[in-house]
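Welcome, and thanks for taking a look at this chain. Please have the sequence and the 3D view open side by side as you read the notes that follow.

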Amino acid sequence: MGSVREPCLLCGEDVASWANRVTKAGLLPDDIARIHDRFLDAAHIIAVRDDGSMMADKLKPVCPACHRVVDKLTNERRKELLTSIGYC
Ligand SMILES: [Zn+2]
């Protein structure tokens, strides 16, 4: 899985643009620093509810907003989308 410093694989938002947005919202630098390393979520190619694997090669780094969208997809579409994107 890619580094948390890389952008979301779906929308392209990166930690710098995210930090800029939350700074405008008034989040303090210490709070931003604490959240920085957890900017990206790990979306399961196969949902956990369907016995999806926790192995790194079965996870894709996406931002929390994109993760919510992915979680609404059918299993088939989710797998198709997440296997079509990646850093390698
Ligand atoms: Zn995203």
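**Briefing: a loop, a core and the overall layout**

Ile 46 sits in the loop that lies between β1 (41–44) and β2 (59–62). Please keep in mind that this is a predicted model, in which local features need pLDDT of at least 70 and side-chain atom pairs count only at pLDDT 80 or more, while totals for chains, interfaces and linings use all residues. Residue numbers start from 1 along each chain, as its sequence is written.

- Ile 46 counts as partly exposed because it has 14 C-beta neighbours inside 10 Å; by definition, 20 or more other C-beta atoms within 10 Å make a residue buried, 12 or fewer make it exposed, and partly exposed is in between, with C-beta atoms placed from the backbone.
- Leaving aside residues up to four places away in sequence, Ile 46 touches Gly 52, Ser 53, Lys 58 and Lys 79, where contact means C-beta atoms, placed from the backbone, within 7 Å.
- Arg 78 is 32 residues from Ile 46 along the chain, and their C-alpha atoms are separated by 7.4 Å.
- Met 55 also has its place in the loop between β1 and β2, and it counts as exposed because it has 10 C-beta neighbours inside 10 Å.

**The nonpolar core**

- The largest nonpolar core has 12 residues in all, including Cys 8, Leu 9, Trp 18, Phe 39 and Leu 82; such a core is a set of buried Ala, Val, Leu, Ile, Met, Phe, Trp, Tyr and Cys residues joined through C-beta atoms within 7 Å.
- At least two residues of this core come from each of α1 (15–24) and α3 (64–70).
- Leu 9 touches Lys 60, Pro 61, Val 62, Ile 85 and Gly 86, not counting residues up to four places away in sequence.

**The whole chain**

- The chain has 4 helices and 2 strands, taken as DSSP runs (H or I, at least four residues, for helices; E, at least two, for strands) numbered from the N terminus.
- Their pattern along the sequence is α-α-β-β-α-α.
- Of the 88 residues in the chain, 20% are buried.

How values were computed
Two residues are in contact if their C-beta atoms, placed from the backbone, lie within 7 Å.
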